[in-house]
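Please keep the sequence and the structure in view while reading.

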Amino acid sequence: MNLFEVYPRLAIEPSKGDGCYVVDSKGDRYLDLYGGHAVISIGHNHPHYVERLHSQLNQIAFYSNSVEMSIQRELAFKLGELSGYPEYSFFLCNSGAEAVENALKVAAFHTERKKIIVFNKGFHGRTSLAIEATDNAKIQAPVNYTGNFLRLPLNDETQLDDHMDDSIAAVLVEGVQGISGVHIPTDSFLKKAEALCRKYGAAFIVDEIQSGYGRTGKFFAHQHAEVVPDIITVAKGMGNGFPVSGVLVGPTIDPWMGMLGTTFGGSHLACAAGLAVLEVMEREDLIKNAAEKGEYLLKELQEIDGLLAVRGKGLMVGIDLPVPAKEVRQKLLSEYHIFTGTSSNPNTMRVLPPLCITQDDLDFFIQSLKSVVK
Ligand SMILES: Cc1ncc(COP(=O)(O)O)c(C=O)c1O
């Protein structure tokens, strides 16, 4: 059987990971400033992560949610403590899209409404509701359309104000838009969205699947704006490559038995991966590293002649180039052995390194990019 080919792929096969580097099947070493799409948070093959998964595998890898699983409670407790949301409750699932899907269902159950406000250039995944929330008509199949989503421009407070009323179930916004090429909601816009949700009894949902888990220099990107969402989605960096995701649900929303469900979500192995990530983030102070290295990277990039724009928060950076990003990324890859990311804008490159990135690695990238842009 052949693969159902849906991915344009680079002609490189990483076969070993090591911190911020991967080694390909020919033995060549690459600096990974893409982290497999913002997934690698604590670094490839971190020894503690490997050890924790090994030892869990030797105990029990999986049982369904029909039994008591204290490791899920342990993960929820630790996540609550480290993220600053100890009073929230946590539903575990497997992928980002599934987390968004469940977040929207919780909002709709809670409010008994179905209209959702989303934003231009947003990306929330490829399952049914998540894809309708996503601003990309090409990847929406005819079966995906429910007509319940209203898309507005990001950061336009007047339009948001004009369209909010008591028929709205939720406002869904990315903490920082990732796939669009790193577009940041202003603090004032997030505050407005929060206030309007409170006023009309809608759920304020922040999708932190890409921007969360320390990437922007705080546990969640929305914490820079000091807003408090009712529902928060997490995935990507949460498992450092192990498929695991979740929904943090605020204390004003009650669950009921059978409200949500999944076979695989929250398996013992997934929770072990999630705990290993949080333990390493805490021990190695990776959120602080993301804040400091991100600030340095942004400052240095802003001084490079020839870049059209540089946007970012922490280690989530978008660079607008005067030529297709593909050309620059290919040169960085073949001549300097550096992986970088794409975005939905063909002229925008994304930089999403593991949170343990060093200044030396960033300097190497900055010098390499300068040479390529020249
Ligand atoms: C903000 C955001 N939400 C949701 C998703 C969907 O995640 P997944 O691909 O794990 O379903 C992504 C994936 O890139 C994302 O960036």
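Two residues are in contact if their C-beta atoms, placed from the backbone, lie within 7 Å. The model is a predicted one, in which local features need pLDDT of at least 70 and side-chain atom pairs count only at pLDDT 80 or more, whereas totals for chains, interfaces and linings use all residues. Residues are numbered from 1 along each chain as its sequence is written.

Q: Which residues in α8 does α3 meet?
A: Helices here are DSSP runs (H or I, at least four residues) and strands likewise (E, at least two), numbered from the N terminus. From α3, the residues taking part are Ile71, Gln72, Glu74, Leu75, Lys78, Leu79 and Leu82. Their counterparts in α8 are His268, Cys271, Ala272, Gly274, Leu275, Leu278, Met281 and Glu282.

Q: At roughly what angle do the axes of helix α3 and helix α8 cross?
A: Axes are lines fitted to C-alpha atoms, for helices over the stretch in contact, and angles run from 0 to 180 degrees between N-to-C directions. The axes of helix α3 (residues 70-83) and helix α8 (residues 268-283) come within 9 Å, and their crossing angle is roughly 30 degrees.

Q: How many nonpolar residues does the contact of α3 with α8 have?
A: In this classification Ala, Val, Leu, Ile, Met, Phe, Trp, Tyr, Cys and Pro count as nonpolar, Asp, Glu, Lys and Arg as charged, and the others, Gly among them, as polar. By class, the contact of α3 with α8 has 3 charged and 3 polar residues, and its nonpolar residues number 9.

Q: Which residue in β13 is the bridge partner of Leu31?
A: Strand β3 (residues 29-32) and β13 run parallel and are joined by 2 bridges. In β13, the partner of Leu31 is Ile338.

Q: Which helix gives the most to the shell around the ligand?
A: A residue is near a molecule if its C-beta atom, placed from the backbone, lies within 6 Å of it. Of the 14 residues around the ligand, Gly96, Ala97, Gly125, Ile209 and Gln210 come nearest. The helix that gives the most, with 3 residues, is α4 (residues 96-111).

Technical notes: Two strands pair if DSSP finds at least two bridges between them.
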